[in-house]
Amino acid sequence: MTGIRDFMTSGHKDCDEAFARAETAVGGGDWEAAAAGFGTFHAAMAQHLAMEEVVLFPAFEDATGMSGGGPTEIMRMEHARMRELFEEMRQAIGARDPEQSLGLCETLLMLMQQHNAKEESMLYPMLDRVLGAQAGALIGRCNAVDAQAA
């Protein structure tokens, strides 16, 4: 059985690859590919963040009583910042602004790398320790999350 850490880390890798494709297109001035690539990346990130916020974080908080300032609250704040950057990137790519787009790519990449490192080294192992017996059911619920409804 796959654990939560392995499942979610795989999602990080998928999002990172989609981001890299979009960033490459921006760097090459291929604005149609950049917009399409960013759309793919954004959809993958929206799904990933929804799985955490709708399924995993509430399950962890219920099991531990940690909320309102615990590790999941910090992750939610970082998610909110990423969402702001996603919108700024969408606008910069739509405006075909290479300087703004590449600057936002750099900022977002740094934020995502730091965020993913915290999740992969600390939060996901905590989720596996606390929720490991429920991992299969939780992963099933994650796969059923509708990012648009979240």
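Here are some questions and answers on these two topics.

Analyst: This is a predicted model, where local features need pLDDT of at least 70, side-chain atom pairs count only at pLDDT 80 or more, and totals for chains, interfaces and linings use all residues. Residues are numbered from 1 along each chain as its sequence is written, and side-chain values use heavy atoms, with hydrogens and water left out.

User: How many aromatic pairs are there?

Analyst: Rings of Phe, Tyr and Trp (its six-membered ring) pair if their centres lie within 6.5 Å; planes under 30 degrees apart are stacked, over 60 edge-to-face, and the rest tilted. By this rule, the count is three.

User: Which helices hold F41 and F86?

Analyst: F41 and F86 form an edge-to-face pair, with centres 5.5 Å apart and 90 degrees between the planes. Helices are DSSP runs (H or I, at least four residues), numbered from the N terminus. The pair ties together parts 45 residues apart in sequence, because F41 lies in helix α2 (residues 31-64) and F86 in helix α3 (residues 71-94).

User: Is F41 buried or exposed?

Analyst: Buried means under 20% relative accessible area, exposed over 50%, and partly exposed in between (1.4 Å probe, protein chains only). F41 has a relative accessible area of 0%, so this residue is buried.

User: How many disulfides are there?

Analyst: A disulfide is a pair of cysteine sulfur atoms within 2.5 Å. The sulfur of C142 is 13 Å from the closest cysteine sulfur, in C15, which is too far for a bond. The disulfide count is therefore, by the rule of 2.5 Å, zero.

Methods
Helix = DSSP H or I, 4+ residues; strand = E, 2+ residues; numbered from the N terminus.
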